[in-house]
Amino acid sequence: MRRVGLSVLVLGAVLVGCVGDDGGDDGGDGGRASGDDSSLPSCPIDALPDDPAQPVEIVLWHSYQVRQETTLREIVDEYNAGQDRVHVTAEFQGVQTEHLQKFQRAIPHNDLPAITAQGDWTTQFMIDSGVALPVQACLDADRDAAEQFDDLVPVVRAAFTVEDVLWPGAFGLSTSMLGINRDHFRSAGLDPDEPPGNMAELRAAAEQIKAAGVSQQPMVMKADPWRLEFWVTGAGEALVDNDNGHSARATASEVDNPATHEALTWLSEMVGDGLLKPESAAEGNINDMLSIATQSSSMVLTESAGITTIAAVVEGSTDPADLALPGGDQIPAGLDLSIDFGTGAFPGIEEPGRGQIGGSAWYLTNTGPPEEQAAAWDFMRYFNSVENQVRWLIDGSNLVAWESVNDEPEVETFCETGLAGTSMAIVSQALADLDPEFTGPVIGPYDDVRLALTTALEDTMLGGADPDAAVTKADAEIDRLIKAYDDANF
């Protein structure tokens with residue numbers, strides 16, 4: 001039986017190791033450019049001096065915390081110590097929204113890092129900003145690296161490819177998942193080894209748990225917009241036009257689709273029947289996880305990040321009291337955080353594990369001198385080595401994006417034993433099973449679009465709004481946001 005400190009699951013969100021050889025569709029080239037593109041800028045891969053008088057200094061901005069940040073700093077330190085041409089400084093810039101805002105403010109002043117690890121939703125903005133150097137340009141210039149990138153998981157390549165150009169070159173990827181109280185499942189006569197895999201099964205489990213008197217609001221969920229996105233994308237519906245923004249810039253909302261209506265209607269009925277405890281999407285709100293920790297709820301939709309931290313708590317090498325929670329919150333004194341916690345793939349509308357890629361993607365910037373761009377590319381290639389990606393998975397809870405990582409004996413052992421590895425295997429397989437032909441939207445004002453989706457969720461779950469009216473309102477608002485973004489010359 002695994003007893004897990006639930007506080008560690010609120011540490012943010014940060015996919016693909018731990019999958020079997022038969023996991024996922026190869027998906028063809030995933031939208032990969034088929035050769036040199038003369039329209040791309042040049043990537044100055046040869047601008048790094050072989051024997052510089054002093055190392056070329058570059059900065060990496062990121063939003064990683066806890067074990068993710070620790071693992072990144074270890075990789076950076078080893079890179080710096082292992083050669084004398086480049087020195088990397090990794091700088092934490094706050095959570096992803098804060099990081100993006102700082103990056104946006106720095107653009108007019110040309111005061112940008114050489115590498116920025118932005119949220120998965122920023123792809124179109126990074127393209128439109130004019131300050132991102134597309135990794136595809138570096139691959140066209142560096143044939144050895146192009147061979148390395150042939151190892152990129154097809155769905156990962158496809159998710160970050162726009163108009164046949166791959167933009168980011170490294171990743172810290174995540175997905176949503178289902179967390180359950182295994183004791184509650186057993187008490188209600190449910191099999192904890194077979195967690196619910198779709199909306200109908202979630203409802204049936206919640207009804208059985210409530211009828212057994214195990215918990216009065218069996219499921220808890222924050223109104224985070226990516227939950228709705230996962231349901232819509234997993235059902236094969238687009239959120240915007242033009243191939244969900246991949247074949248050309250999105251110009252209109254397609255949120256008013258059957259999957260959005262079905263998801264919001266299901267949520268409304270779950271809340272109305274007392275089966276779902278809704279929580280606001282406010283940053284730093286940890287009430288969803290506290291509901292699981294206090295055992296007032298039995299199931300939660302949460303993120304795949306923090307799995308290695310969970311294992312550290314179980315093994316006694318990390319004290320939950322030492323963990324920093326979002327917003328500076330403290331764990332309530334005297335709270336027993338130990339439950340028998342289980343993991344399941346994100347339950348879709350019809351089947352489990354359907355959705356889209358989340359987390360972060362690393363972009364090169366083009367505003368520094370050529371030697372800094374070359375130095376950033378050198379470090380990015382080092383970071384993507386199999387050895388470092390194994391660590392990024394096992395130590396950092398990042399489900400890596402490179403297929404060969406799955407073949408490493410250390411990874412195979414990790415994924416077959418212990419809480420961290422077996423949980424990672426579940427969510428990693430879900431990523432590998434995603435369709436490379438339909439990976440989720442690319443939207444210019446994606447952060448604002450997510451606010452509109454949050455409003456739809458909170459209006460429905462917390463405000464009692466009619467689900468169909470909430471969809472109509474969100475659809476109109478997203479159309480307005482896209483037009484405003486275009487009118488602002490983005």
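A salt bridge is taken here as a side-chain nitrogen of Lys or Arg within 4 Å of a carboxyl oxygen of Asp or Glu. By this rule, 23 salt bridges are counted in the predicted model.

Arginine 186 and aspartate 183 form a salt bridge through their side chains, with an N to O distance of 2.9 Å. Both residues belong to helix H7, which spans residues 182–187. They are three residues apart, so about one helical turn separates them. Arginine 186 is partly exposed, at 37% relative accessible area. Aspartate 183 is also partly exposed, at 22%. Salt bridges link Arg182, Asp183, Arg186, Asp193 and Asp340.

A second salt bridge joins aspartate 486 to arginine 249. Their closest N and O atoms are 2.4 Å apart. Aspartate 486 sits in helix H19 (residues 467–487), whereas arginine 249 lies in the loop between helix H10 (241–245) and helix H11 (258–272). The pair therefore ties together parts that are 237 residues apart in sequence. Aspartate 486 is partly exposed, with a relative accessibility of 29%. Arginine 249 is partly exposed as well, at 28%.

Helix H19 also contributes lysine 473. The side chain of lysine 473 meets that of aspartate 459 in a salt bridge of 3.2 Å, N to O. Aspartate 459 lies in helix H18 (residues 446–461), so this pair connects parts that are 14 residues apart in sequence. Aspartate 459 is partly exposed, with a relative accessible area of 26%. Lysine 473 reaches 51% and is exposed, because the exposed class begins over 50%.

Key: Residues are numbered from 1 along each chain as its sequence is written. This is a predicted model: local features need pLDDT of at least 70, side-chain atom pairs count only at pLDDT 80 or more; totals for chains, interfaces and linings use all residues. Side-chain values use heavy atoms; hydrogens and water are left out. Helices (H or I, at least four residues) and strands (E, at least two) are DSSP runs, numbered from the N terminus. Buried means under 20% relative accessible area, exposed over 50%, partly exposed in between (1.4 Å probe, protein chains only).
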